[in-house]
Every structure is written in structure tokens, then in C-alpha cells.
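Try each one yourself before reading its solution.

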Amino acid sequence: MISGRKIWISRLTEAAVFVVFFRTPDGSLAAAAIDATQPGMHREVVAPSGLAGWSWGVLDFHRVPVLPDDVLTGDGMVLLREHFAEYRPLVLATALGAAAAVFDTVVEALGVRQARGEISRLRDSALISVGKAHACLTTALLGATLSARLAELGDSHTERWSAEMKAHGIDAADRIVAELVLLLGASGFRADGQVAKIRRDLTGLQYADGIHDSLYRAAGRQHTTRSTPATLAHDSLHQLPATA
């Protein structure tokens with residue numbers, strides 16, 4: 001049986017199974033997939049500022065039974081790290097999709113204003129913001145795609161890539177939206193608008209699975225403790241198989 005608390009967990013009421021990491025009597029880390037209907041679980045739903053598409057809050061365990069068949073095969077820490085290596089590119093792709101929606105909204109709004117004659121020409125600063133935003137979104141998406149591919153291949157550098165790209169890409173998405181929203185004028189700051197919701201969601205994603213400084217620090221540690229120095233892409237990119 002296990003007892004404890006996990007705070008700030010998402011999909012609190014929607015999940016049918018919880019994957020729980022816990023210390024075994026011998027001190028090692030193990031993982032188990034526990035049925036969400038098991039007795040002894042208490043959920044406290046908390047209303048978030050963003051990411052309101054699913055429930056979020058606190059999950060308490062009080063003498064919850066762990067059956068032998070529930071325990072996952074493998075070292076708990078390895079399973080945890082593999083999970084986040086695969087999870088982070090998905091979080092990044094979600095954030096980039098939201099930022100791309102704001103990009104499309106801004107480009108369409110600027111085109112409509114020109115067509116109506118409200119503005120004769122777009123300022124250079126607006127054109128620069130749009131061009132930079134597209135470049136940043138595209139490169140961040142490439143990073144997310146590569147991270148996901150490395151995770152699929154089980155590459156030894158997957159964890160480092162996923163940490164770096166998740167932190168960098170979501171920071172970029174948040175910055176892009178903050179700059180683009182200015183081109184919408186006052187309409188971009190409506191509390192009930194889609195753009196405002198996306199900005200709140202991106203703020204929440206900056207804290208999902210750890211603050212970004214911790215991810216950059218973990219990646220930096222891996223770079224500086226390698227046995228042989230190499231460029232960021234050398235080992236991983238040259239191991240990717242060719243695809244048609």
C-alpha cells in the first residue's frame with residue numbers, strides 16, 4: 001500500500017489510470033499503473049489560470065493498494081526519464097500550434113484592414129514581427145519533430161534534446177504571441193477572446209514538468225559531462241536512419 005500526495009496534477013478527474021512513482025521497501029524507485037477507482041484516493045480540483053481544457057489539482061493517496069500486476073517492469077527512474085523525453089515534444093507541439101493560431105489570426109486581421117482601406121500600408125516593424133514570428137515557429141517545430149523522432153528511436157541524447165527544445169520552443173511561442181498581439185490592437189486584449197486564452201495557456205505550459213531554467217541546467221550538465229566533446233547535433237543527427 002502507498003500513501004502520499006501529488007500536487008498540481010492534470011487530468012485529475014478524467015484519468016482512468018494513474019502512473020505512480022514510489023519508493024519500495026528497499027529504497028529503489030518503482031512505478032505502477034493504478035486504477036483510478038481504487039479506494040483511498042482523494043482529489044482536490046483547483047481552478048487554473050490557463051489550461052482550462054481539463055481538470056487540475058491535488059491527488060492524495062491513503063493506503064492505496066498496489067497489486068503485483070500493477071507494477072511496471074523496469075527501473076522507476078529510467079521509466080520516468082523516458083516518459084518525459086517522449087512527453088515534452090508533445091507539449092511543445094501543442095504550444096506551437098496555439099502560437100500558430102495567433103499568427104494566422106494576426107495575418108488575417110492585417111489583411112482585412114488593408115482590404116477595407118483602414119491602413120494604406122503596413123509598417124516595417126509589423127512586417128518584421130510577422131516574418132520573425134514565422135521563422136521562430138518553423139524552427140521550433142523542427143526542433144520538436146527531431147526530439148520526437150529521437151525519442152522514437154531510443155537515441156541516447158533524447159532526454160537532452162527534449163529538455164532543450166521544450167524550454168526553448170515554449171519560451172519562443174510565448175514571446176511570439178506577446179509581440180503579435182500588439183498588432184491586433186485593443187481586440188487582442190479581450191479577456192474572453194481566444195488570444196487571451198492562448199496567452200494564459202502558454203504561461204501554464206512554461207511551468208508544466210518543471211521551470212525552464214531547470215531543463216536548461218539539466219541539458220547543460222549533460223553537455224559538460226560527456227566523455228568526448230562534440231557539437232550539439234553531431235552524435236544524434238548522424239545516427240538518424242535515412243527515410244524515403
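**Exercise 1.** Is the crossing of α3 and α5 left-handed or right-handed? Work out the geometry of this pair and describe the contact.

*Solution.* Bear in mind that the model is predicted.
- Step 1: locate the helices. α3 covers residues 158-180 and α5 covers residues 212-224.
- Step 2: assign the hand. The crossing of α3 and α5 is left-handed.
- Step 3: list the contact. On the α3 side, the residues include E159, R160, A163, A167 and I170; among those from α5 are L215, Y216, A219 and H223.
- Step 4: sort by type. The contact of α3 with α5 divides into 6 nonpolar, 4 polar and 5 charged residues.

**Exercise 2.** Find which residues touch the most other members of the largest nonpolar core, then trace the elements that build this core.

*Solution.* 
- Step 1: recall the background. Nonpolar side chains tend to be buried together in soluble globular proteins.
- Step 2: The largest nonpolar core has 32 residues, and V102, L180 and L202 touch the most other members.
- Step 3: Two or more residues come from each of α1, α2 (124-153), α3 and α4 (194-205), with α1 giving the most, 10 residues.
- Step 4: inspect one member. Setting aside neighbours within four places in sequence, L202 is in contact with A95, I170, A173, D174 and V177.
- Step 5: look for another core. There is a second, separate one of 14 residues, including I9, L12, M41 and L59.

**Exercise 3.** Search the whole structure for aromatic pairs: how many are there, and how are the rings arranged?

*Solution.* 
- Step 1: count. The search gives 1 aromatic pair.
- Step 2: identify and classify. F84 and Y87 have ring centres 6.0 Å apart and planes at 75°, an edge-to-face arrangement; the cut-off for that class is over 60 degrees.
- Step 3: check accessibility. F84, at 23% relative accessibility, counts as partly exposed, and so does Y87 at 29%.

**Exercise 4.** What pattern of helices and strands does the protein chain follow?

*Solution.* 
- Step 1: count elements. There are 6 helices and 5 strands.
- Step 2: read along the sequence. The order is β-β-β-β-β-α-α-α-α-α-α.
- Step 3: Of the 244 residues in the chain, 35% are buried.

Methods. Residues numbered from 1 in each chain as written. Predicted model: local features only at pLDDT ≥ 70, side-chain atom pairs only at ≥ 80, totals over all residues. Heavy atoms only, no water. Phe/Tyr/Trp six-rings, centres within 6.5 Å; stacked < 30°, edge-to-face > 60°. Buried < 20%, exposed > 50% of the residue type's maximum accessible area, 1.4 Å probe, protein only. Axes fitted to C-alpha atoms, helices over the stretch in contact; angles between N-to-C directions. Helix = DSSP H or I, 4+ residues; strand = E, 2+ residues; numbered from the N terminus. Left-handed = near helix turned anticlockwise from the far one by under 90°. Contact = heavy atoms within 4.5 Å. Nonpolar A, V, L, I, M, F, W, Y, C, P; charged D, E, K, R; others polar. Core = buried A, V, L, I, M, F, W, Y, C linked by side-chain atoms within 4.5 Å.
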